[in-house]
Amino acid sequence: TVGQISQIDLGSYSMGDKKLPNKKISFDIHTAHGGYVVRVSHGSYGSEDDMYVISDDQDLGQELGKIVTHHTLSKE
């Protein structure tokens with residue numbers, strides 16, 4: 001295991017009269033042959049975790065940023 005980031009608080013944002021909700025994302029990063037496996041927990045009871053594979057030839061930071069952006073913008 002590379003490490004675990006227990007929770008990221010994305011905060012709440014307002015865009016004019018629109019206010020985006022405060023969402024939290026928990027994910028684990030595990031080393032694997034040829035890259036990393038990232039498990040993202042939604043924190044909701046009964047919801048399934050999402051799994052992502054990031055290969056060694058991809059930038060880990062950029063890919064994690066894409067995952068966080070995807071989950072921030074996705075509808076529940």
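Guide: The chain of this predicted model contains one helix and six strands.

The part to examine closely is the pairing of strand 4 with strand 5. Strand 4 covers residues 24-32 and strand 5 covers residues 35-41; the two run antiparallel and are joined by seven bridges. Within this pairing, His30 has Val37 of strand 5 as its bridge partner. Two residues lie between the strands, which together form a hairpin. In the turn, Gly34 adopts a positive phi of about 90 degrees.

Another histidine, His71, is placed in helix 1, which spans residues 60-73. His71 has a relative accessible area of 6%, and because this falls under 20%, the residue counts as buried. The side chain of His71 also makes a polar contact, at 3.5 Å, with the side chain of Asp50.

Some values for the whole chain complete the setting. Of its 76 residues, 21% are buried, and His71 is one of the buried residues. As for contacts between residues at least 6 apart in sequence, 27% join residues at least 24 apart.

Methods. Residues are numbered from 1 along each chain as its sequence is written. This is a predicted model: local features need pLDDT of at least 70, side-chain atom pairs count only at pLDDT 80 or more; totals for chains, interfaces and linings use all residues. Side-chain values use heavy atoms; hydrogens and water are left out. Two strands pair if DSSP finds at least two bridges between them. Helices (H or I, at least four residues) and strands (E, at least two) are DSSP runs, numbered from the N terminus. Buried means under 20% relative accessible area, exposed over 50%, partly exposed in between (1.4 Å probe, protein chains only). Contact means heavy atoms within 4.5 Å. A polar contact is a pair of N or O atoms within 3.5 Å; within protein, one must be able to donate a hydrogen and the other to accept it, and residues adjacent in sequence count only if both atoms are side-chain atoms.
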